[in-house]
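Good morning, and thank you for making the time.

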Amino acid sequence: MSPAVRALALAALLVLSRDWGCAQAAGTSGARKPSVVLILADDQDVCLGGMIPLKKTSALIAEMGISFSNAYVPSALCCPSRASILTGKYPHNHHVVNNTLEGNCSSKSWQKIQEPYTFPAVLKSMCGYQTFFAGKYLNEYGAEDAGGIGHVPPGWSFWYALEKNSKYYNYTLSINGKARRHGENYSADYLTDVLANMSLDFLEYKSNFEPFFMMISTPAPHSPWIPAPQYKKSFQNVSAPRNGNFNIHGKDKHWLIRQAKTPMTNSSIQFLDDAFRKRWQTLLSVDDLIEKLVKKLELLGELDNTYIFYTSDNGFHTGQFSLPIDKRQLYEFDIKVPLLVRGPGIKPNQTNKMLVANIDLGPTILDIAGFDLNKTQMDGMSLLPLLRGDKNVTWRSDVLIEYQGEGHNSSDPTCPALGPGVTHCFPDCVCEDAYNNTYACVRTLSALWDLQYCEFDDREELFLPLKQVFVEVYNLTADPHQLTNIAKTIDQEILEKMNYRLMMLQSCSGATCRTPGVFDPGYRFDPRLMFSHGIWAHRLSTQSL
């Protein structure tokens with residue numbers, strides 16, 4: 001027996017002899033626990049046709065498994081959403097509120113308090129999984145003030161992380177804590193392809209004695225939208241969808257939405273159409289990555305015992321309510337994402353309409369690994385009963401959406417007339433964010449109601465007594481494009497119940513985040529607690545860290 005084989009055999013004995021605290025997941029079989037692959041796109045919408053370019057992905061994952069048609073993110077921005085995936089928590093519990101170090105994005109506080117308890121850390125330390133990460137982690141990862149790229153988060157056996165935000169060329173990767181600089185040669189440096197090759201190499205050389213978890217986080221379709229050379233001429237006749245809220249004034253909405261100029265200028269429309277096309281072009285390389293990955297898993301005999309998840313960190317808009325391009329707003333196009341899953345025990349060609357969120361991914365993957373979820377502090381729910389098709393599953397009817405606006409107490413030099421606090425402004429002085437674009441919403445989906453209730457931390461107009469907030473409410477059954485804010489016309493009792501439910505969710509933690517919603521049979525409403533304190537007593541903040 002060679003030394004290499006002897007070492008592998010010893011590693012196997014160590015794995016088999018140790019009590020990892022992870023039982024075999026219910027509904028799974030085989031000598032080895034299932035492996036899991038999570039592919040995370042960056043800024044991929046689902047409402048505006050974001051899945052259309054991904055033909056292979058749809059065939060290899062959706063058609064071979066399940067698509068969730070009501071999958072949401074708890075914050076429509078990269079870093080808070082990614083933190084929610086990793087921790088299984090709402091932003092008010094992981095305290096990552098925006099994409100800045102000050103907003104706790106990959107800060108030293110995040111590294112100390114949250115990173116040791118992410119689900120990959122549990123998989124590695126408690127369940128014996130070999131873990132692999134490749135791609136964009138958190139937007140401020142690699143910042144010198146937070147340890148630089150030498151910092152490798154706990155829980156990763158193999159770490160190939162992008163420094164800072166998404167790029168396609170001219171970037172630096174942390175290779176297990178060591179810097180590797182990439183240039184602008186397509187064959188050697190195009191990031192989506194580099195991630196594909198690293199993933200295939202891991203599968204080729206990994207241990208066969210342990211289950212594995214892979215998280216592959218692509219730059220596409222995030223800006224700067226640089227497609228691979230072979231795809232630069234794709235979708236030449238495609239434009240951004242002219243749907244029901246495209247180039248429409250956002251009447252009755254928060255002032256930030258109303259400030260957008262309607263109709264948009266021809267140059268703005270041309271810009272967003274071009275961006276939309278390029279976004280689709282970049283996704284074609286993601287489609288290739290997934291095809292290569294699935295083929296490799298099949299070649300190695302791993303496919304039948306591997307769950308594959310595909311999703312995005314947030315949605316996107318291109319011209320909705322005359323906002324050119326971005327995310328971070330409370331509307332469906334920004335908070336709704338694709339979620340596709342295939343794996344052992346999942347029947348093909350399914351669509352599930354249950355209300356799910358990315359805080360459910362961590363609990364689901366730990367459940368697959370057989371870990372006792374009662375030992376976690378996660379806010380989400382395991383999707384495994386839905387994946388298996390269990391009967392009579394009790395499920396949630398609402399999720400929390402929360403965001404803390406970026407912006408500083410100074411004017412944008414290109415748009416001084418707008419005053420202080422705005423940010424992410426376009427040349428025609430349409431701004432996508434502001435310091436008081438700070439809101440929290442209850443997104444409700446039940447047998448009878450498809451509703452969204454939101455409160456802004458803004459004194460612009462008072463809809464509720466003793467509450468200095470601006471309110472938006474939408475009935476998506478009657479108004480799927482969210483054109484009409486019904487805060488002034490909806491039944492007062494429903495308004496009060498939604499206000500109370502929002503207050504409860506914004507202070508929830510763990511199991512209390514999974515209590516019955518307003519329209520569930522087990523819901524309990526105590527009017528005496530109305531307005532006793534506003535939701536902003538629990539405003540997203542890192543001050544307590």
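This is a predicted model: local features need pLDDT of at least 70, side-chain atom pairs count only at pLDDT 80 or more; totals for chains, interfaces and linings use all residues.

I begin with Arg501 and Asp398, whose side chains meet in a salt bridge at 2.8 Å, N to O, where a salt bridge is a side-chain nitrogen of Lys or Arg within 4 Å of a carboxyl oxygen of Asp or Glu. This pair links distant parts of the chain, since Arg501 is in helix α14 and Asp398 is in strand β15 (residues 398-403), 103 residues apart. Helices (H or I, at least four residues) and strands (E, at least two) are DSSP runs, numbered from the N terminus. Both Arg501 and Asp398 are buried, and here buried means under 20% relative accessible area, exposed over 50%, and partly exposed in between, with a 1.4 Å probe and protein chains only.

Residues are numbered from 1 along each chain as its sequence is written, and side-chain values use heavy atoms, with hydrogens and water left out.

Staying with helix α14 (residues 492-506), we also find Asn499 there. Is Asn499 buried or exposed? Asn499 counts as buried because its relative accessibility is 2%, and its side chain makes a polar contact with the side chain of Glu455 at 2.7 Å. A polar contact is a pair of N or O atoms within 3.5 Å; within protein, one must be able to donate a hydrogen and the other to accept it, and residues adjacent in sequence count only if both atoms are side-chain atoms.

How many salt bridges does the structure hold? There are 24, and among them is the one between Asp326 and Arg328, with the closest N and O atoms 2.6 Å apart. Asp326 is buried at 9% relative accessible area, and Arg328 counts as buried at 3%. Elsewhere, Asp42, Arg82, Lys136 and Asp313 are linked in a network of salt bridges.

The last pair is Asp274 and Arg277, whose side chains meet in a salt bridge at 3.8 Å, N to O. They are separated by about one helical turn, because they lie 3 residues apart in helix α10. Asp274 counts as partly exposed at 29% relative accessibility, whereas Arg277 is buried at 17%. Just after α10, Gly301 takes a positive phi of about 75 degrees.
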